[in-house]
Amino acid sequence: MKNIIIIILLVIIGALAYIMTKGSVTPSEDGRISVVLSKDERNLVLGEMRQFLISVQGVSSAITNKDLKKVEELAHKAGMAAEADTPGALLRKIPAGMKKLGFGTRGLFDDIAAAAKEGKDPVELRKQLDALMNNCIACHATYRLPEPK
Ligand code: HEC
């Protein structure tokens, strides 16, 4: 009897965990996963994306110019600090794998900021930025944000 109750509880916990981590997703015709957001949420995420590109360009250019102060400042801004205002309702719609890549990318920007603060060699900073951009590629290869109908 005890075992049955434990199994039922595990199934319930498993189902809840699945619901909480699956996000708002449907298959996409191009083989990726469509993350279905409202118009405003999609605009917010795409705005963050355009800012990501600006950040990568800025950090790259500051590395080329060996301006570590600027690297630190721009990378910090693109790090976890940028997530402070992300609405919880939006985060719940993002599948766990995508959240991991997104927060992971923020974390890598924070790592670059910390390394620049320590005065790390620009070649090393550039390697970190190169590795960070693999996250951009991985996420774009897996997920898309269809325009709401
Ligand atoms: C966690 C996932 C994820 C990560 C990490 C990510 N992106 Fe995106 N990005 C997306 C998705 C999803 C789209 C929408 C793509 C689609 O619908 O085809 C997108 C779209 C974009 C766009 C188009 C914006 C627009 O206005 O249409 C740009 C530019 C962009 N990303 C840049 C970047 C850069 C640069 C990085 C890395 C620093 C990055 N992204 C990292 C998920 C991600």
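The expected span of a helix is 1.5 Å times one less than its number of residues. The views below come from a predicted model.

**View 1. Helix 2 from end to end, residues 39-64.** Helix 2 has 26 residues, so at 1.5 Å a residue it should span 38 Å. Its end C-alpha atoms lie 38 Å apart, in agreement with that value. Lysine 66 follows helix 2 and has a positive phi, near 55°.

**View 2. The buried residues of helix 2.** Glu41, Arg42, Val45, Phe52 and Ser55 are among them. Further along, Val56, Gly58, Val59, Ala62 and Ile63 are buried too. The buried residues of helix 2 pack against helix 3 (68-78) and helix 4 (88-93). They also pack against helix 5 (96-117) and helix 6 (122-142).

**View 3. Glutamate 83, in the loop between helix 3 and helix 4.** Is glutamate 83 buried or exposed? Its relative accessibility is 16%. Buried means under 20%, so glutamate 83 counts as buried. Leaving aside residues up to four places away in sequence, glutamate 83 touches Glu48, Phe103 and Arg106. With arginine 106 there is a polar contact, side chain to side chain, at 2.9 Å.

**View 4. Helix 5 packed with helix 6.** Their axes are 10 Å apart, at an angle of about 170°. That angle makes helix 5 roughly antiparallel to helix 6. Helix 5 contributes residues including Met98, Leu101, Gly104, Leu108, Phe109 and Asp111 to the contact. From helix 6 come residues including Leu125, Gln128, Leu132, Asn135 and Cys139. The residues of this contact divide into twelve nonpolar, four polar and one charged.

Notes
Residues are numbered from 1 along each chain as its sequence is written. This is a predicted model: local features need pLDDT of at least 70, side-chain atom pairs count only at pLDDT 80 or more; totals for chains, interfaces and linings use all residues. Side-chain values use heavy atoms; hydrogens and water are left out. Helices (H or I, at least four residues) and strands (E, at least two) are DSSP runs, numbered from the N terminus. Buried means under 20% relative accessible area, exposed over 50%, partly exposed in between (1.4 Å probe, protein chains only). Contact means heavy atoms within 4.5 Å. A polar contact is a pair of N or O atoms within 3.5 Å; within protein, one must be able to donate a hydrogen and the other to accept it, and residues adjacent in sequence count only if both atoms are side-chain atoms. Axes are lines fitted to C-alpha atoms, for helices over the stretch in contact, and angles run from 0 to 180 degrees between N-to-C directions. Angles under 35 degrees count as roughly parallel, over 145 as roughly antiparallel, 65 to 115 as roughly perpendicular and the rest as oblique. Ala, Val, Leu, Ile, Met, Phe, Trp, Tyr, Cys and Pro count as nonpolar, Asp, Glu, Lys and Arg as charged, and the others, Gly among them, as polar.
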